[in-house]
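Q: Could you take me through this structure feature by feature, giving the general idea before each case?

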Amino acid sequence: MANNVLVAVRVRPFSKREIDKRAQLIINMQGKMTLLFNPKDPKADPRKFTFDHSYWSHDEYKETSSGYLEPTGSKYTDQLKLYKDLGQGMLTNAWEGYNCSIFAYGQTGSGKSYSIMGYGANKGLVPQVGENLFKEISAKQNKDIEYQVTFSMLEIYNEKVKDLLSKKKAPSTGLQIRQSPQKGFYVVDLSEVPVGSFEDVKARMGEGNRNRTIGQTKMNETSSRAHTIVCLNFKQNRIREKVTKFCSINLVDLAGSENQRQTQAEGQRFTEAKYINLSLSTLGRVIEDLVKKKKYIPFSDSVLTRLLKNALGGNSKTTMIAAISPDAENYDQTLSTLRYADRAKSIKTSAKVNESETSKLIQELIHEKERLLKELSMMKSGNKESGGYTEEDIQKIKQEKEEELKTYKSDLEKSWAEKLEQARKDMEVQIKEQKKEEEDVKKYPHFWNLNEDPALCGKIIHFTKSKKETVGNGKGGSNPTICLNGPSIVKDHALIYNRDGDVFLMPDKGQVLRNGSELNTSSEIQLIHQDRIRFGANNFFVFHSPKEEINLKKQGKVLPPITFEFAQSEMAQHSGLDLYGDDILMEDVMSIHHIVQGANAMAQDLERPVKYELVLVSGAARGDDTLRTELYVRVTDLETSNEYTWDRAKFLNKQCGMQELYEEFENSEDSLPPPFDKEQDSFFDPPSADVAVGVVSVPLNYLAHMVDLRDDPLTITDYAARQIGFLKVEIIPCDSKGREMTDLSLCVQESRDIIGQTMAFKIKIIQGINLPKNLERSWCCYRFYDYADMVETDHVEASSATHKYNHEKLYKLGKDQVTHQLVKYLEESTLTIEVRGIQRSKQTSKKNPKTRLSLDSSRGTLNSSNLSLASNERSELESKIDFFREKADALERKLLKIERIVDEADPSEEMIEIRRILKAPTVTKAKRES
Ligand SMILES: Nc1ncnc2c1ncn2[C@@H]1O[C@H](COP(=O)(O)OP(=O)(O)OP(=O)(O)O)[C@@H](O)[C@H]1O
C-alpha cells in the first residue's frame, strides 16, 4: 500500500549565544501548523506550513537533576513524546515486517543529531528505538521464535562510505555500493554486528562515535558535512512454521543542509565539477523529481541517494524530521528547510511486509553464494571477459569477492547464538577498557577531545599517567606514548611531564596552541585545569586535572563546561580579524577558521607552496554597497606570488579535493608527497583560471540628465578596497541614430523629464591604466540595469601596464523602457565594472624598490611581474604618462563644458567676469602635447 512520507518539523531552544545576543524568535506553532515570520518584514503575514507534526521544543521546559529536558506545559515536545509519536510507530511497523526509515534534515546546529541520536539523558530515536525493541523482544521471548537483530553504522563523507564498526583499515576509495535484486543497493562488506540487548546497541553506538571522531580528526573532516546512517536489521524467525519476517530500520542523520549549495560564485564565473556535498544536492533533486512523479529518478547519482532508494522510492515506511532554528538570523535556511519538508510530504512509498519461508531465505543465500563462487572462479582462471580491467583491478575485485563469500559462508554455517556470542566476545575487551577509562578519568590528569559535533566530544582521552609522555605521529619508527594523526602532526611533536599531578607541556618540533595562542618551542608551561590545547591543525583537546577540580569544588567554584564553539571563538579572536561585533560574521569565522588552518597544514604536509588566509570583503569592495561584508579565503601561490580569492563555497569545494589527496598520502606507503600539476591540483586555482582583479563603480547620475561622463580615469579597487589601477570609462548620450552627442544638446534639467522618452547612449571602456604587472591578459565585464546579459570586453594581452580595451556598446531604449525605476536606478546606483584577468604563471621576481612609483599598483591583489627591470620601468612610466594624459584630457573637456555653459548663459556682469577668468591662458592641448 502506498503511504505518504510522514513529515515532522521541530524547533529547538535558543542556544546560549543566541540568548546572549537577544536573538529574535521567528517561529510559532499552532497544532500541526508551523508559522514563519520574516524578520525583514515583521508586519507581513507569516508563512504557514502544515505538516503531520509541528513540534515545539523551544521553551516551556525545565532541566531535571539528571539533565533531562522535561515539559512544564503542554506545548513542549520532549524526547519521549518524539519517540512515542515517531519511534513507536516505526517499531510497530518493524514488528509487522515493514522496512522503516527516518531521516533528519536541517542546517547545522538545528537539532538533527539531538532528535536522531540525542545527548546524554536526552536520548534520541536511535537509543529509544533500540531500548524498546529489546524490551519488547524480552517480553515476547518464547522458544518458537528466534529474534535476530544486527546493528550497522556508517558514514558518508566526500562520497565515500566508511564502516564505523570495522576494525579493518578502510579502503581509501571507501566501501563499494552494489545492487542486487534481493537487497537493492547495499554496502559491500559493511559490518552487521549481532546485538542481543540494548547494552550491546549502546556499546556499538559508542564504538561507532569513537571511530567517527578519530577518522574526522585524522582527515580534517567536519561532521556537519557527513551523513551518518544507523541500521538495525530485525528478523523474526518462526521456527515451527519455518517462516521469517524481516525488516531494516534506518535512522539517518543528514549533513547540514547549508552544505547543499552548489559552488556558484555568481553564476557562470567558474564551473566546478564537484558539489560541496554531492549526496545532499542529489537528495534535493531526487525529492523534487519524486514529487513531480518523473519517470527517471536520479537515485544512482550519489552514494546517499543510492542507499536511501528504498526509503524514498520503494519498500519502506518513511518519516522525515525537519529540524529548524528559532533565530531570525537563520530565516533563509529555515525557509528553505520548511520548503524542502513541504515538498517531501507528497512523496509516496509503498512498503510491503517482508516475509518469506525461512528455507527460501536460505535458498537465496545459497544462490548468492553460488553466484559469487562462480564469479570468483572465473576470475581465478584469469577469464578477462570484463575487458578494460587492469591486473590490479582484478586482484582487488577477487579480494572483495572472497570477503563477500566469507560473510555468506558464515551466515549459512553459524547459528545465530554462535554469531551473537562471537560479537559479544569481540566487544568484551572494549567494554572492559571503557570501564577502566571511566574510572581513570577521575584519578589522572588527561586531555579529552573537542569536536564540533557535541556527540563526539570526550570520545578520545589521553592520560598523563607517567612522568613523561611523548606526543607524535608515530611515523619513522617512533613510538610516542600519545599518538596523534592528522595534518601538521610531526614525529616529535611535544613533550608532557607529570610532576606529582602538576602537568607541564613543552612543544618539541610541532605546533601547539594553548587557549588560542601559539606556544614557544622548547619552553615549558604548566597546564591549568580546562586549558584548551591544539596540537597541529585539528587535534583539539581540553586539559583536565582531577586534583584542581577537587580544589575548585572545595572552594565552591564550578567552571562552565568548555565547548567547541568557545574554543573556536577564542581561536578566531586570535586570528586578527576585526569582526566589529558582527555576530553572523563571527559565526562564519568560527565555522571556517579551523578548516582554513587545516588546509594550510595539509598544504604543508603535502609540500604545496600555497597559503590560505581568511579575509573580510565588504560589499563595496565587491562592487555593491548594499551587500554585506563576507568572508573570503585569500590564496597566495608562494612560488609566483599570485593571489586568488575564493568565496566560502569554492574554498569548501576545493578543500574536499585537498582532503582526498591528503587521505591518499596518509594511506600510501610513500613518505614523499605526490607530485602536482597546478592546473589540476585542488590546492591551487589553475594558473590559467581567471581572477577578479578589482571593481570600478561608475556613477550614472550624469546619464539621468543626458550629460556625458568623460571624467578622470576611475579607480579600480580590489576586494580589500586597495587601489590597484585605473579604468578609463565614458558614458555618452547619443541621438536616435546612435551618434555621440557631447554638446549638451540632449541635456535635461530634471531627470524625470526623460521618463517615457526614447533614450540612447554608449558605454565605452577605453583602457585600464597602471594595472598590476603580473597580469598576462585582462578584460572587463558589466551588467547594465536589470539586463540579463553580462557584457564582456575583448580579452586584451598585456604588453604594458596599460590595457587597451577599446570597447563600446550602444544602448537604445524604447519609450516603455525609460521608466521611473530606470531613472531611479540611474540617479541612485552605479554601474559596477569588474576587471578580470589571468595572471602570469611563471615565478615573479621580487619588486625592486627602484621601480617604485607614486602610483604603486603592486600593493594590490596582484604582485610584481617577471618583466625585466628596464622594461618594467618603461612600462610603468608609459602607463603613468597614459594616466596623466587621460586626466589632462578630462580636465580640458570639463573646462570646455563649463565654457559652453557659461557662453550660453545670460551675459550678466558677473558672467562676463567668470568668462574672462576662464578664458585666461590655460595649458592648451597643443602646448601639453609638445
Ligand atoms: N529539541 C531540542 N531541545 C533542546 N536542545 C536542543 C534541541 N535540539 C537541539 N538542541 C541543542 O542544539 C544544539 C545543536 O543541536 P544538534 O547537534 O542536534 O544539531 P545538528 O543539526 O545535528 O548539527 P550538525 O549538523 O552540526 O550535526 C545542541 O547543543 C543540542 O543540544
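**Reading the fold and its helix contacts**

A: Buried residues make up 38% of the 930 residues in the protein chain, where buried stands for 20 or more other C-beta atoms within 10 Å of the residue's own, the C-beta atoms being placed from the backbone. This is a predicted model, in which local features need pLDDT of at least 70 and side-chain atom pairs count only at pLDDT 80 or more, while totals for chains, interfaces and linings use all residues. Residues are numbered from 1 along each chain as its sequence is written.

Q: How many helices and strands does the protein chain have?

A: Helices (H or I, at least four residues) and strands (E, at least two) are DSSP runs, numbered from the N terminus. In the protein chain, the secondary structure comes to 21 helices and 44 strands.

Q: How is the packing of two helices described?

A: Two packed helices are described by the angle between their axes and the distance between the axes. Axes here are lines fitted to C-alpha atoms, for helices over the stretch in contact, with angles running from 0 to 180 degrees between N-to-C directions. The axes of H4 (residues 125–140) and H5 (residues 198–219) come within 8 Å and cross at roughly 155°, and H4 and H5 are therefore roughly antiparallel to each other (the term for angles over 145 degrees).

Q: Which residues of H4 and H5 meet?

A: Two residues are in contact if their C-beta atoms, placed from the backbone, lie within 7 Å. On the H4 side these are Val126, Pro127, Gly130, Glu131 and Phe134, which meet Phe198, Val201, Lys202 and Met205 in H5. By class, this contact of H4 with H5 has 6 nonpolar, 1 polar and 2 charged residues, where Ala, Val, Leu, Ile, Met, Phe, Trp, Tyr, Cys and Pro count as nonpolar, Asp, Glu, Lys and Arg as charged, and the others, Gly among them, as polar.

Q: At what angle do H2 and H4 cross?

A: The axes of H2 (residues 79–96) and H4 come within 10 Å and cross at roughly 55°. Leu82, Tyr83, Leu86, Gly87, Met90 and Leu91 of H2 make the contact with Leu125, Gln128, Val129, Asn132 and Leu133 of H4. The residues of this contact divide into 8 nonpolar, 3 polar and no charged.

Q: Which helix gives the most to the shell around the ligand?

A: A residue is near a molecule if its C-beta atom, placed from the backbone, lies within 6 Å of it. Helix H3 (residues 112–116) gives the most to the shell, with 3 residues. Of the 20 residues around the ligand, Arg12, Ser57, Gly111, Ser113 and Tyr114 come nearest.

Key
Parallel < 35°, antiparallel > 145°, perpendicular 65-115°, else oblique. Buried ≥ 20, exposed ≤ 12 C-beta atoms within 10 Å, placed from the backbone.
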